[in-house]
Structures are given as structure tokens and as C-alpha cells.
Amino acid sequence: MADRQSTPKSNLAPLSLHVPEPPSRPGDAPDFSHVEILKAGVTPRPAEDSDPAAMRDHAYGLVRVLDDDGAAVGPWAPKLDAETKRRMLKYMLRVRAFDDRMYRAQRQGKTSFYMKCTGEEAVAIPATMALDRDDMCFPSYRQQGILIARDYPLIDMINQIYSNSADPLKGRQLPIMYSSREHGFFSISGNLTTQYPQAVGYAMASAAKGDTRIAATWCGEGSTAEGDFHAALTFAAVYNAPIIFNIVNNQWAISSFSGFAGGERTTFAARGLGYGIAALRVDGNDALAVYAATRWAADRARTNKGPTLIEHFTYRSEGHSTSDDPSGYRAADEKTAWPLGDPIERLKAHLVASGEWDDDRHEALRTELSDEVKAAGKEAEKNGVLGHGLHQPFETMFEDVYADMPWHLREQMEQALAEKDAKWPK
Amino acid sequence: MAEVKPLDAKPAEAKAPKGMNMIEAINSALDTMLDRDPDVVILGEDVGYFGGVFRATAGLQEKHGKTRVFDSPISENGIIGVAVGMGAYGLRPVPEIQFADYIYPGLDQIVSEAARIRYRSVGQFIAPMTIRSPYGGGIFGGQTHSQSPESLFTHMSGVKTVIPSTPYDAKGLLIAAIECDDPVVFFEPKRIYNGPFDGHYDRPVQPWAKHPASDVPKDYYRIELGKANIVRVGEAVTVLAYGTMVHVALAVVEELGIDAEVIDLRSLVPLDIEAIETSVRKTGRCMIVHEATRTSGFGAELSALVQERCFYHLEAPVIRVTGFDTPYPHSLEWAYFPGPIRIKTALEKILKD
Ligand SMILES: Cc1ncc(C[n+]2csc(CCOP(=O)(O)OP(=O)(O)O)c2C)c(N)n1
Ligand SMILES: [Mg+2]
């Protein structure tokens with residue numbers, strides 16, 4: 001087009017387009033030199049009713065409790081008894097054992113898809129434990145830890161993953177897109193960040209009704225780019241909604257590093273500041289820090305002091321999903337180079353250091369959980385695996401589209417049943 | 001005039017180079033256009049360094065540079081919105097939406113902006129973008145990796161909607177779409193990215209390499225938008241289809257030995273009405289096959305057109321074979337999919353009527 005470059009301002013250097021680039025790629029040595037890690041215990045703990053403007057530094061710092069020796073230090077160290085911390089560890093180990101088994105099940109062809117949360121076990125589990133049992137969670141697909149921490153039966157998770165005849169969601173949803181109202185776990189959507197404004201609406205409703213329950217929601221750092229994220233923060237700020245926004249910054253969104261969500265310029269926690277929302281940035285591999293931050297935000301919300309945004313700084317240790325191979329876009333051993341360690345090892349070290357745990361008990365527990373998951377898998381398989389006969393009746397495809405089935409769906413249901421008889425004559 | 005290019009014809013020469021699958025053909029179209037036109041840019045989630053979750057843009061960033069092929073934030077309204085702005089400047093953006101199911105957050109920028117910018121600015125600004133997006137089911141993707149939302153786009157004025165069914169067509173149509181000054185939604189049938197599909201999910205997958213339409217020229221060529229392809233000439237009934245369903249319908253017709261005329265529409269807007277009319281006048285019967293839900297699907301539009309224009313030539317009511325009016329289920333995917341049994345039942349009915 002002729003007109004657009006026809007009037008160069010001759011004395012100006014040409015503009016250039018910035019396209020972010022991660023510090024390392026396949027073939028490079030992993031590079032986390034840009035990551036600034038504050039020492040555990042140094043971040044002050046403001047009062048729960050602090051003015052967001054008075055605690056701006058918390059959006060740029062890093063709340064950390066567990067130090068390198070496994071000691072819980074500083075003002076954020078939560079006062080938890082050993083029993084509770086062991087339970088936390090057990091849930092984290094359970095989710096890891098579960099992920100490993102389900103990943104293999106997908107590889108063995110028992111289902112179509114799976115997503116692990118390996119390396120992020122400290123994000124969902126301690127947070128859930130810091131919430132009340134009847135607070136409502138609006139998760140993304142990577143917070144299976146919520147269900148685990150609320151003792152949802154493993155077999156029902158596996159039935160859902162196998163999309164079989166006992167699937168509580170009737171084979172309708174992609175594996176891991178759970179839903180359990182009873183466990184305060186909102187139906188997971190495949191479409192990113194839609195849960196964010198929904199969680200705000202739930203929290204607003206609770207406030208409008210004079211309830212005492214709050215809501216919590218999670219999304220990945222990549223997902224903060226969606227418009228729904230920003231709508232949610234605006235509404236939460238306007239109505240002072242009793243909600244906790246969690247951003248799980250695991251550095252990657254499929255193949256895109258956090259720079260493609262704006263991470264080169266500022267922290268994700270700082271997103272809250274522009275809306276006047278209290279923001280905390282937390283070591284997401286530090287179970288006690290996550291617990292403490294969530295507790296702080298939950299207390300704040302429950303006392304009508306409004307929303308909090310928490311960035312969980314963590315690392316996605318494995319592929320995005322069973323459909324992904326990260327060796328195509330990131331340095332091979334980033335996982336081992338990640339400076340914040342493994343969340344399970346860190347909590348374990350803390351319990352061991354404080355004399356509440358030891359290697360033998362740890363190994364015994366791992367074996368117990370692995371057996372438990374294996375047994376649940378065997379049990380679930382009796383109800384079928386994906387694509388092998390034992391699925392939900394065809395009628396279920398047409399139910400729940402509407403509250404009542406309209407005539408055209410009734411006709412289509414008859415058609416589906418006739419097709420079934422044609423394919424598999426009785 | 002419509003082309004007549006049987007899908008099952010033997011290649012003209014036996015030399016048959018390795019051939020391209022549909023992903024490779026799309027990649028080749030993008031590469032060709034990046035070479036030919038410095039204003040073409042590609043953006044979308046994971047399309048840059050990695051080359052797209054389906055690998056459609058593999059190698060393009062390396063070859064053409066980061067300011068021509070780049071990753072985007074995960075924001076579909078952002079992707080389409082900036083593509084409108086790039087078009088206003090004079091670029092020719094080719095945004096990718098990772099799955100058609102994720103196009104909805106970008107809908108306002110398509111419907112209210114891209115589709116209307118020429119009209120409301122009396123042509124001062126245009127939105128010459130081509131939105132590529134994989135669509136359709138058959139890969140156990142559940143309800144958010146399986147949808148066929150094409151009729152949302154045909155329903156709004158100002159956007160063209162194009163759906164290829166072979167590697168050869170994918171390249172030629174994509175090039176024409178990119179060169180088109182209107183916004184085009186280019187839906188790619190992901191089930192047939194790697195090979196044609198006869199609808200029998202329980203049979204082994206055939207690779208494109210065995211199919212003549214995998215013979216894709218490396219160089220530039222275009223297939224005009226709005227020209228259907230008659231993939232099988234016949235007298236008994238006209239079958240209208242696009243995307244994956246062209247192959248499924250054709251396979252059923254061949255299996256049953258029915259003398260059907262099978263038309264691959266290739267582009268829904270603009271539509272090759274002449275090809276449809278000519279065929280239906282000849283056969284007197286019309287069956288429409290699409291994977292999308294039935295109610296207000298594109299089949300309804302086709303059915304109305306055929307009825308309005310060919311009523312006195314019809315010997316039977318127009319019949320639609322479609323997906324059911326439910327979300328795409330995960331485990332019952334093949335009960336949902338308009339496969340061989342549904343098509344056969346409809347064919348038998350329309351031929352009896
Ligand atoms: C609206 C929408 N757009 C795109 C996608 C495809 N998609 C699924 S997950 C994902 C990456 C999300 O990354 P992030 O938010 O960082 O979460 P993580 O996977 O790291 O937990 C993308 C692009 C989608 N599911 N929904
Ligand atoms: Mg992420």
C-alpha cells in the first residue's frame with residue numbers, strides 16, 4: 001500500500017516490533033538467572049485488613065516460609081500441628097501417584113487425554129486446606145488437588161477419566177474436566193478463564209445473601225490474557241467480592257513462556273494493583289507459604305475486606321498434557337534447574353527436620369498410595385475404559401441439554417437408538 | 001462453473017511424489033504467501049517457535065522471522081482485534097485460533113468489527129484477514145475440541161466461510177482466502193489432517209499419501225472461493241457436503257453402489273449456487289450432510305435454497321444428515337457423529353420417496 005510508508009520522518013529511527021523470547025530453548029542450558037528468589041521469612045505479613053495500596057511491595061516480592069534447611073521461618077509461618085502437615089504431605093503424594101498412574105493409563109490407551117500437575121502439588125492442596133469445606137472452588141484443569149484434598153473418591157475420578165459406565169459426568173466431558181457440587185468444585189470448562197467471572201458472581205451472590213461462604217478461583221498465567229480475567233477483577237473490585245483469585249504461574253502455557261502473557265514487564269500479582277485489589281506473590285512450591293497466603297486472603301474475604309489476588313510462582317515440570325512434548329520448545333533439564341525445588345520434597349524435608357517424619361515412613365506412604373491408586377484403577381476398569389463397550393446409555397447424550405427434553409431431541413434420541421440397533425443388532 | 005475433480009481418480013502420472021497431508025499443504029500455502037507478499041503475517045497461540053499444536057506453522061518463524069510469524073497471548077478477542085488493526089494499517093494477517101471451539105471470545109471482533117469495517121467506513125478500512133482454525137470432531141476431543149460452528153459465520157454478513165476437504169484444496173483455497181480483501185473464516189477439518197476418513201472409526205486410518213489429492217504443487221496456485229467441486233458425477237441424488245463429511249458421504253455412496261452426484265461445496269459463503277441448482281435439477285433429489293448440530297445449521301440454509309430454486313424439479317423432500325442438537329459428547333462421540341449408518345438410512349429414504 002502506497003500511503004503507509006510514504007511519509008517517513010526522515011530524522012527518526014525506524015520503529016521495531018518486540019516479540020518476546022524465553023531465556024533458553026532446546027539445546028541451551030536452562031537459564032533461570034532472571035528469577036529473583038527472596039530468602040524465606042523476610043517478607044513482612046501485613047494485617048488482613050490492609051489497604052492494597054499500603055502493601056504494594058507484596059505484588060513484587062515472594063512470600064516464602066520454608067528455608068533451605070526445611071525450617072518454617074518468618075511471620076508467614078502458619079501455626080499448623082504436625083498431623084495437619086502430614087495430611088498435607090499425604091494429599092500431595094496422593095495426587096502425584098494418581099497423576100503418574102493416569103498418565104500411564106492414557107499411554108496404554110485406556111483414555112483419550114490426561115493432564116498432570118506435577119511440580120504444582122503445593123498450589124491446590126494447601127490452598128484447599130486453608131479454605132472452609134463449604135467455600136466454592138472454581139478451578140482450571142490443573143487443580144485436581146482440590147478434589148483430592150476434599151477426599152473425593154479416587155475411583156470416581158478414574159471413572160470420569162475412563163468416560164465409562166460409572167462416570168459421574170456420564171461420559172460427557174473430556175477426562176479431568178471434573179465437577180462435584182458436593183465437594184465445592186465447580187464444573188471445569190475447556191475454555192480458558194471463563195471460571196474467573198463466574199467465581200466472582202458466586203462470591204457476589206454469597207455477599208448479597210449475607211452468607212459467610214467465599215469463593216476461590218484458579219487460572220494459569222497464560223490464561224490471564226483472556227478478557228474474562230480482566231472482567232473478573234473489575235467486578236470483584238467494584239463489588240468488593242469475597243473472593244480469592246489464584247494465578248498459577250508455572251512459567252509455561254503449552255509452548256509459550258510467561259513473556260507472552262506479559263511476564264517480561266511485571267509480575268502477575270501486580271495485575272491486581274491496577275484494580276485496587278490486594279496482591280500477594282508466593283513461592284508456589286512452598287506448601288506452607290501457599291497455606292498461609294490463602295489463609296490470609298480467606299480471612300480478609302470473610303471479614304468483608306474484599307478480594308485478594310495470589311500469584312503462585314511455580315514450574316510445570318512435565319508436558320502440558322498427554323498431547324504435548326515440551327522437548328520441542330524448552331531446554332531439556334529446566335525441571336532440575338528450577339530454583340524453587342520440588343514441593344513434596346520440601347514439605348517432607350520440613351517434617352523430617354522437625355522430627356515429625358522420616359524416610360521410612362515416607363517410602364511406606366508412597367507405596368501405600370501407589371497401591372491405593374492402582375486398586376482404584378482396577379476397580380474403575382470394571383466399569384469400562386474409553387471406547388470399550390461399557391459406556392453410558394445412548395439416552396444420556398440427549399439428557400440435560402435442557403431441563404426438559406424438547407420434541408426434536410426426543411426424535412434424535414430415537415434415531416440414535418435405531419442406529420445403535422443397526423450397528424449392533426440385538 | 002464448478003470443477004469436476006473426482007476425489008478417487010488415479011493421479012495423472014504414476015510419478016506420484018511423496019505427497020502432502022493437509023497440515024503440510026496448509027503449511028505450504030502459508031509459506032508460499034509469506035514468500036510472495038511481505039504484508040502477510042501469522043499470529044496465534046503457540047504458532048511461532050513451536051509451529052502450532054497441529055504443526056501447521058512449523059518452520060515458518062525460523063524461515064520468515066519473528067516479526068512475520070509470532071506467538072500471541074492467550075486471548076482470542078485480542079488476536080482478532082489486533083488483526084483488525086493490522087489490516088487497517090495494510091497488512092494481511094492470518095491469525096490462527098487453536099480450536100474452533102475457542103473462537104467465541106473473539107466473536108465480537110469478528111461480528112461487529114472485521115465483518116463490518118468495510119461497510120461502516122465506506123471502504124476506507126478493510127479487514128483482509130484469514131482466520132484459520134481446526135474444527136470438527138472424531139478425535140475424542142470432548143465438547144471443547146470438536147465443534148463445528150460454521151453456521152455462526154455464514155449467518156453474519158461480511159465474512160466468508162471456507163472449508164477444504166483435501167490437501168490440494170486446502171492449499172489452493174487458503175491462498176485465495178489470504179488474497180481476498182474480506183475477512184475469511186477458514187475452518188480446517190482436523191479429523192482429516194492426516195488422512196481421509198470413510199466414517200468407519202473402527203477401521204485403520206488411511207494416510208493422504210495414497211490419495212491423489214495429496215499431490216500438492218510446491219508453488220503458488222489458487223482455487224477461487226465460491227467454486228464447488230463435483231467429486232462424483234451421478235444421476236440418482238445430489239449429495240451436498242463439505243470438510244470431513246465429503247469423504248464419509250462418498251464412501252457410503254460407493255459402498256452402496258448408488259449413482260449419487262457428490263458435491264464438495266468448499267466454500268459456504270460465497271456459495272456455488274449454480275453447481276447446486278444444476279445438479280439438483282438433474283437428479284431431482286438432494287441430501288445435505290454436515291457434522292454440525294442440526295437446528296439452524298448450514299443445512300437449513302441449503303435446504304431452503306434448493307426448495308426455493310429447484311422446487312419443481314424435486315421428486316422427494318430435501319433431507320439433512322447432521323450431528324445431533326447436543327454438545328459433542330466425549331465417550332459417545334461415534335454415536336453423535338453422522339456416520340455411515342445415518343447417511344445410509346437417509347439415502348435409502350430419499351431414493352424411496
Ligand atoms: C479460550 C481458549 N483458548 C485456548 C485454549 C487452548 N489452551 C488450552 S490450555 C492452554 C494454555 C494455558 O496455559 P496457562 O494458562 O499458563 O495454564 P497451564 O496449562 O500452564 O496450567 C491453551 C492455549 C483453550 N482451552 N481455551
Ligand atoms: Mg502456565
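A residue counts as buried if 20 or more other C-beta atoms lie within 10 Å of its own, as exposed if 12 or fewer do, and as partly exposed in between, with C-beta atoms placed from the backbone. Before selecting anything, note that this is a predicted model, where local features need pLDDT of at least 70 and side-chain atom pairs count only at pLDDT 80 or more, while totals for chains, interfaces and linings use all residues. Residues are numbered from 1 along each chain as its sequence is written, and chains are lettered from A and ligands numbered from 1 in the order in which they are written.

**Stop one: chain B.** Select chain B: buried residues make up 60% of its 353 residues. Colour it by secondary structure and you get twelve helices and 13 strands; helices (H or I, at least four residues) and strands (E, at least two) are DSSP runs, numbered from the N terminus. The radius of gyration of chain B, 19 Å, is close to the 20 Å that the globule rule gives for 353 residues, so chain B is as compact as a globular protein of that length. That radius is taken over C-alpha atoms, and the globule rule is 2.2 Å times the number of residues to the power 0.38. Along its principal axes, the C-alpha trace of chain B spans about 60 × 50 × 40 Å.

**Stop two: where the chains meet.** Now show the contact, which takes 38 residues from chain B and 42 residues from chain A; two residues are in contact if their C-beta atoms, placed from the backbone, lie within 7 Å. Which element of chain B gives the most to the side that touches chain A? Pick H3(B), which gives three residues. The chain B side divides into 16 nonpolar, 15 polar and seven charged residues. Here Ala, Val, Leu, Ile, Met, Phe, Trp, Tyr, Cys and Pro count as nonpolar, Asp, Glu, Lys and Arg as charged, and the others, Gly among them, as polar.

**Stop three: Ala225(A).** Look in the loop between strand E2 (215–220) and helix H6 (227–239) of chain A for Ala225(A). Is Ala225(A) buried or exposed? Ala225(A) is buried, with 25 other C-beta atoms within 10 Å. Leaving out residues up to four places away in sequence, Ala225(A) touches Ala261(A), Pro73(B), Ile74(B), Ser75(B) and Gly78(B).

**Stop four: Lys39(A).** Next, go to the segment before helix H1 (82–107) of chain A, where Lys39(A) is found. Lys39(A) is exposed, with 12 other C-beta atoms within 10 Å.

**Stop five: packed helices.** Select helix H2 (residues 121–130) and helix H7 (residues 287–302) of chain A, which pack at about 45° with their axes 8 Å apart. Axes are lines fitted to C-alpha atoms, for helices over the stretch in contact, and angles run from 0 to 180 degrees between N-to-C directions. That makes H2(A) oblique to H7(A). Show side chains for the contact: residues of H2(A) including Val123(A) and Ala127(A), and residues of H7(A) including Tyr291(A) and Arg295(A). By class, that contact has ten nonpolar, one polar and one charged residues.

Notes. Angles under 35 degrees count as roughly parallel, over 145 as roughly antiparallel, 65 to 115 as roughly perpendicular and the rest as oblique.
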